[in-house]
Amino acid sequence: MSLSTRAARDFKGTHTAGRTPEELRELVSHVGAELELAPAEVIIEWAVATFGDRFAITSSMGDAVLAHLASKVAPGIDVVFLDTGYHFVETIGTRDAVEATLPVTLRTVTPAQTVAEQDAQYGKDLYKTDPDLCCALRKVKPLADTLAEYDAWATGLRRAETHNRVIAPVVGWDARKGKVKVSPLARWSDEQVERYIQDNGVLVNPLVHDGYPSIGCWPCTRRVAPGDDPRSGRWAGTTKTECGIHA
């Protein structure tokens, strides 16, 4: 029986009790270096075999590469999507297509307040007046609350996306969340991503082909000129480069 088959079987039947932060941190200290050069599928297999259904992946629905990989290893795996209330319609459409076409459990997470309720409390268009607070309320806190149900989470973070992510480990300890953070695609180049998409017919957000190589909320995302930093369209005109999820 292959590791992928065992991982999928174990995932479906596993309802593990959560480990303590100390146990999780100790676990990472032993395996991080060992998995650094492992293929993405093997990294996901390890996470599924180790954490069972207390492992989830997250997706911003720029593409479905990570969801596609994970669904092959563990059909039915939880895919967490943060619906901030400010997404492009194309992003919501990509989420719906992922749910309809991949064997995953799509979990859409929403903030405690609607956009209208947030406007009433903090003033209209908080993304303009205090973008850090807006991200904290609509992204960071909802994700942290959801991850309380898991011991480990996987992201599509790649070192090639921005210099700020060069040191992102394949398997690391997220001290702020008290979780194991897995980045199976961390070492992938843009060419590897594109090749995987083409070879597997993976869903891609239509905005990627319309000048939006990095897609966030519509008020804070702009088109990027060819050759520019792919993330330069995020919070354009400000010094902000991250929403805080990966801080």
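This is a predicted model: local features need pLDDT of at least 70, side-chain atom pairs count only at pLDDT 80 or more; totals for chains, interfaces and linings use all residues.
Residues are numbered from 1 along each chain as its sequence is written, and side-chain values use heavy atoms, with hydrogens and water left out.

The protein chain contains nine helices and six strands, which are DSSP runs numbered from the N terminus (helices H or I, at least four residues; strands E, at least two). Of its 247 residues, 49% are buried, that is, under 20% relative accessible area with a 1.4 Å probe and protein chains only.

Helix 2, residues 21-35, has 15 residues and reaches 20 Å from its first C-alpha to its last, close to the expected 21 Å, a span given by 1.5 Å times one less than the number of residues. Leu 24, Val 28, Val 31, Gly 32 and Leu 35 are buried in helix 2, and the buried residues of this helix pack against helix 3 (40-51), strand 5 (171-174) and strand 6 (179-182).

The axes of helix 6 (residues 115-122) and helix 8 (residues 131-147) come within 12 Å and cross at roughly 140°, where axes are lines fitted to C-alpha atoms over the stretch in contact (heavy atoms within 4.5 Å) and angles run from 0 to 180 degrees between N-to-C directions. Helix 6 and helix 8 are therefore oblique to each other, since angles under 35 degrees count as roughly parallel, over 145 as roughly antiparallel, 65 to 115 as roughly perpendicular and the rest as oblique. Val 115, Gln 118 and Tyr 122 of helix 6 meet Leu 133, Cys 134, Leu 137 and Arg 138 of helix 8.

Definitions and conventions. Buried means under 20% relative accessible area, exposed over 50%, partly exposed in between (1.4 Å probe, protein chains only).
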